[in-house]
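Dear colleague,

I am handing over the structure below, and my notes on it follow directly after. Please read them with the model open beside you.

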Amino acid sequence: MNTQPIIALDFSSKKEVFAFLTQFNEPLFVKVGMELYLQEGPSIIKEIKAMGHAIFLDLKLHDIPNTVKSAMRGLAKLGVDLINVHAAGGSRMMTAALEGLEEGTVAGQRRPALIAVTQLTSTTEEQMQQEQNIMTSLDASVINYAILAKNAGLDGVVCSVLEAHDIEKACGKAFLKVTPGIRLVGGEAHDQKRVATPNFAKEQGATQIVVGRAIVQAENPVVAYHTVEQLWGGNQ
Ligand SMILES: O=C(O)c1cc(=O)[nH]c(=O)n1[C@@H]1O[C@H](COP(=O)(O)O)[C@@H](O)[C@H]1O
């Protein structure tokens, strides 16, 4: 799997996306999330792919197994590199997602890697306990979801940098640990709660980092991207 920093294209229109991407002269790894996908639909994926960029399609599917399987069968045809579900949907849902992707992947193409969101990086332990009524530590909940995802045959999880090391111990080095909530030193956390720097992500064994506002809203996004890239340095 590509280890370039994944840039979150959290924009609401194609126009903004292309204005952003044309600043770069190199192939990137970008994330299309629900804001952009729900506005622009599948054509945005085709257009970004045609520009030569790798794509993480972040739709965080979470529904009954049959619905997720059918949705994944259709999404597989887009030929993205990475896609996700919520681990809270359960192991049967995760297995169904994998089956849908396998069925829908076009012959000769590689199946998108499938990862499961554990606890969102905007969640605190207190909030998890009070609102989700999960009475373990946040770390234990994340590890539980990671093991569930691994046993369902998934390729990895989305987690914060703070849990990456324990997931590596429980699920191995090859299991993907895709970590959002990345900030440069002194950067504003915004709505994120479990944040870390790119260099700390590397130290903790994250396999990919997802960076949105620290690059997209920087005065010079290209400079910010290269700063992040240098601090991160990849992990494989
Ligand atoms: O699945 C994700 O990508 C995701 C999971 C998670 O737990 N936390 C999280 O922030 N994300 C996504 O990662 C990006 C982080 O954006 P910034 O906080 O601006 O860097 C957003 O597009 C989120 O949707």
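In which hand, left or right, does helix 4 pass helix 5? In this predicted model, helix 4 passes helix 5 in a right-handed crossing. The axes of helix 4 (residues 65-76) and helix 5 (residues 91-104) cross at roughly 30° and come within 7 Å of each other. Because angles under 35 degrees count as roughly parallel, helix 4 is described as roughly parallel to helix 5. On the side of helix 4, the residues that meet helix 5 include Pro-65, Val-68, Ala-71, Met-72 and Ala-76, while among their partners in helix 5 are Met-93, Ala-96, Ala-97, Gly-100, Leu-101 and Gly-104. Taken by class, this contact of helix 4 with helix 5 has 9 nonpolar, 5 polar and 5 charged residues.

Helix 7 (residues 138-151) packs with helix 8 (residues 161-171) at an angle of about 40°, their axes lying 10 Å apart, which makes helix 7 oblique to helix 8. Here too the crossing, of helix 7 past helix 8, is right-handed. Helix 7 contributes Asp-139, Val-142, Ile-143, Ala-146, Ile-147 and Lys-150 to the contact, and helix 8 contributes Glu-163, Asp-166, Ile-167, Ala-170 and Cys-171. The residues of the contact between helix 7 and helix 8 divide into 7 nonpolar and 4 charged, with no polar ones.

Turning to the ligand, 20 residues surround it, and the closest are Ala-8, Leu-120, Pro-180, Gly-212 and Arg-213. Two or more residues of this shell come from each of strand 3 (54-61), strand 8 (208-211) and helix 10 (213-216). By class, the shell around the ligand comprises 9 nonpolar, 7 polar and 4 charged residues.

As for annotation, an unreviewed UniProt entry lists residues 4-228 as "domain: Orotidine 5'-phosphate decarboxylase". Within the model, the span of residues 4-228 is 44% helix and 16% strand, and its end C-alpha atoms lie 10 Å apart.

Key: Residues are numbered from 1 along each chain as its sequence is written. This is a predicted model: local features need pLDDT of at least 70, side-chain atom pairs count only at pLDDT 80 or more; totals for chains, interfaces and linings use all residues. UniProt positions are given in the numbering used here, feature names are shortened, and annotations may be inferred rather than shown by experiment. Helices (H or I, at least four residues) and strands (E, at least two) are DSSP runs, numbered from the N terminus. A residue is near a molecule or strand if its C-beta atom, placed from the backbone, lies within 6 Å of it. Ala, Val, Leu, Ile, Met, Phe, Trp, Tyr, Cys and Pro count as nonpolar, Asp, Glu, Lys and Arg as charged, and the others, Gly among them, as polar. Axes are lines fitted to C-alpha atoms, for helices over the stretch in contact, and angles run from 0 to 180 degrees between N-to-C directions. Angles under 35 degrees count as roughly parallel, over 145 as roughly antiparallel, 65 to 115 as roughly perpendicular and the rest as oblique. A crossing is left-handed if the near helix is turned anticlockwise from the far one by less than a right angle, and right-handed if clockwise. Two residues are in contact if their C-beta atoms, placed from the backbone, lie within 7 Å.
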